[in-house]
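Biologist: Before we go through the packing of this chain, could you put the structure up, so that each answer can be checked against the coordinates?

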Amino acid sequence: MEKNLTALSHLFVTVFLSGFSTIIVAPAIIDVTMFALCPGTDECSLAIYLSGFQQAIIGLGTALMMPIIGNLSDQYGRKALLTLPMTLSIIPLAILACNRTTNYFYAYFAFKTLTDMVCQGSINCLALAYLADNISYRQRASAFGILAGVTSAAYVCGTLAARFLSTGLAFQVATFVSLFAVVYMRIFLEESIPADQGEGITQPILKEGEEDNIIQNDDNAPTKVPPFKKIPSLGDVIYLMKNSPSFAQTAIVAFFNNLGEGGMESSSMYYLKARFHFNKNQFADLMLIGGIVATISQLFIMPLLVSPIGDGRLLSIGLFASCVYAILYSIAWSAWVPYAAAAVSTVMVFAPPSLRSIASRQAGPREQGKAQGCISGILSLANVMAPLIFSPLTSLFLSEGAPFHFPGFSIICIAITLMIAFIQSLMIGRAPSTSNAENSTEV
């Protein structure tokens, strides 16, 4: 156990450094974009459409890449695959660290779009698979919550640092930390290749070998599965969802939840910029409050609730809170309302780690990369659709040509999307019976 804890501490440090380098520039990127594209204004349709276009392209790329990356990590190890996205993520940061003029911004935009097809979500996907390799089934939801808490801590520290750094210095610090994260990971993080351990799973996904081609359905009826290629195709994922209702329901919840989250990501900052004239420091303060609340909740509250409540109920609670959060944004009547809404993060942050835990339960010990990769791919498909749907809505209802005056109309549509995810989460099959869980192997 001591060796595993040491290995996991290096994983947490790696995830923290990677997250910190990403978040420290997040409050400034809106101002950098507006200055490069529409200097001197608080409203810029070009910036909204470019942001939405970038998010859609990145989502399409990651939808294709995540299952492949997850599968390759099952074959060659998590550390080997972590090196690629962590190295590529340095390039766009280094560009804006040099300069932030219009030409440099377009270079950043191009490289950010290309590199994020591999980088966005892959570090989290591989970190989750790494945890699943080293943590028993019964402790997995808590471990995923702690990983999310580490990510939130990076969010808090990065946002706090951004509050006191100039825009140029923030990008320089982010570039250095990204480089340091790669070096640290290569030196200290031990490789993790899945071991054959029987845990309390409900259904293995993509088994290799003739005698492994039998899966156990939710009704305990064995089903013959065709042998899969090493890289899972869309047809493989569809076949899996047909034969595992629990995984299919989890995928639907993941899709609609990320569709809503992607809509908030592509719309909320521009909404606040146009509605309440938020600047870099106000964005940083808002992110800081949300990050602090999320860190405390994921590191200290969620691990206490997993055992008595279960990850299924925590998922539903988190999704309902996300609906409330979006509704508060949509009807915000003053600049302080978004700050107050951040308190809802205490509960809404339960959803992502609970969702990943439920998905992990459907996979065998040598299939965690595939499982997390498939879920990440589905999340990326939602990221493709979110800006295509919500960016035009946001631009329309923030403009003078809106059909009626409701600046938060796109946000209320996001709340409806999250409500669909909440309703579907109530239908997800619950965890395996206690007897199955008790037979899981303690790692």
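Biologist: In which loop is His277 found?

Modeller: In this predicted model, His277 has a positive phi of about 60 degrees although it is not a glycine. As for its place in the chain, His277 sits in the loop between α11 (245-276) and α12 (280-309).

Biologist: At what angle do α11 and helix α16 pack, and are they roughly parallel or roughly antiparallel?

Modeller: The axes of α11 and helix α16 (residues 351-361) are 10 Å apart, and the helices pack at an angle of about 155 degrees. Angles over 145 degrees count as roughly antiparallel, so α11 is, relative to α16, roughly antiparallel.

Biologist: How do the residues of the contact of α11 with α16 divide into nonpolar, polar and charged?

Modeller: The crossing of α11 and α16 is left-handed. On the α11 side the contact is made by Phe247, Thr250, Val253, Ala254 and Glu261, and on the α16 side by Pro352, Leu355, Ile358 and Ala359. Taken by class, the residues of this contact of α11 with α16 are seven nonpolar, one polar and one charged.

Biologist: Which residues make the contact of α2 with α6, and how many of them are charged?

Modeller: α2 passes α6 in a left-handed crossing. From α2 the contact draws on Ile29, Val32, Thr33, Ala36 and Leu37, and from α6 on Thr102, Phe105, Tyr106 and Tyr108. The residues of the contact of α2 with α6 divide into seven nonpolar and two polar, with no charged.

Biologist: How do the residues divide in the contact of α5 with α6?

Modeller: The axes of helix α5 (residues 90-98) and α6 come within 8 Å and cross at roughly 170 degrees, and α5 and α6 are therefore roughly antiparallel to each other. Ile91, Pro92, Ile95, Leu96 and Cys98 in α5 meet residues of α6 including Phe105, Tyr108, Phe111 and Lys112. The contact of α5 with α6 divides into ten nonpolar, one polar and one charged.

Biologist: How many aromatic pairs does a search of the whole structure find, and is the pair of Phe16 and Phe20 stacked or edge-to-face?

Modeller: The search of the whole structure finds 17 aromatic pairs. Phe16 and Phe20 form one with 6.3 Å centre to centre and 25 degrees between the planes; since planes under 30 degrees apart count as stacked, this pair is stacked.

Biologist: Which residues touch Ala141, not counting residues up to four places away in sequence?

Modeller: Ala141 lies in helix α8 (residues 140-164) and is buried, with a relative accessible area of 5%. Its C-alpha atom is separated by 6.6 Å from that of Pro353, 212 residues apart along the chain. With those sequence neighbours set aside, Ala141 touches Met302, Val306, Asp311 and Ser357.

Biologist: Is Ser322 buried or exposed, and which residues is it in contact with beyond four places in sequence?

Modeller: Ser322 lies in helix α13 (residues 311-330). At a relative accessible area of 4%, Ser322 is buried. Leaving aside its neighbours within four places in sequence, Ser322 is in contact with Met348 and Leu418.

Biologist: What percentage of the residues in the protein is buried?

Modeller: The protein has 19 helices and two strands. Among its contacts with a separation of 6 or more, residues 24 or more positions apart account for 82%. Of the 443 residues in the protein, the buried ones make up 58%.

Note on methods
Residues are numbered from 1 along each chain as its sequence is written. This is a predicted model: local features need pLDDT of at least 70, side-chain atom pairs count only at pLDDT 80 or more; totals for chains, interfaces and linings use all residues. Side-chain values use heavy atoms; hydrogens and water are left out. Helices (H or I, at least four residues) and strands (E, at least two) are DSSP runs, numbered from the N terminus. A crossing is left-handed if the near helix is turned anticlockwise from the far one by less than a right angle, and right-handed if clockwise. Contact means heavy atoms within 4.5 Å. Ala, Val, Leu, Ile, Met, Phe, Trp, Tyr, Cys and Pro count as nonpolar, Asp, Glu, Lys and Arg as charged, and the others, Gly among them, as polar. Buried means under 20% relative accessible area, exposed over 50%, partly exposed in between (1.4 Å probe, protein chains only). Rings of Phe, Tyr and Trp (its six-membered ring) pair if their centres lie within 6.5 Å; planes under 30 degrees apart count as stacked, over 60 as edge-to-face and the rest as tilted. Axes are lines fitted to C-alpha atoms, for helices over the stretch in contact, and angles run from 0 to 180 degrees between N-to-C directions. Angles under 35 degrees count as roughly parallel, over 145 as roughly antiparallel, 65 to 115 as roughly perpendicular and the rest as oblique.
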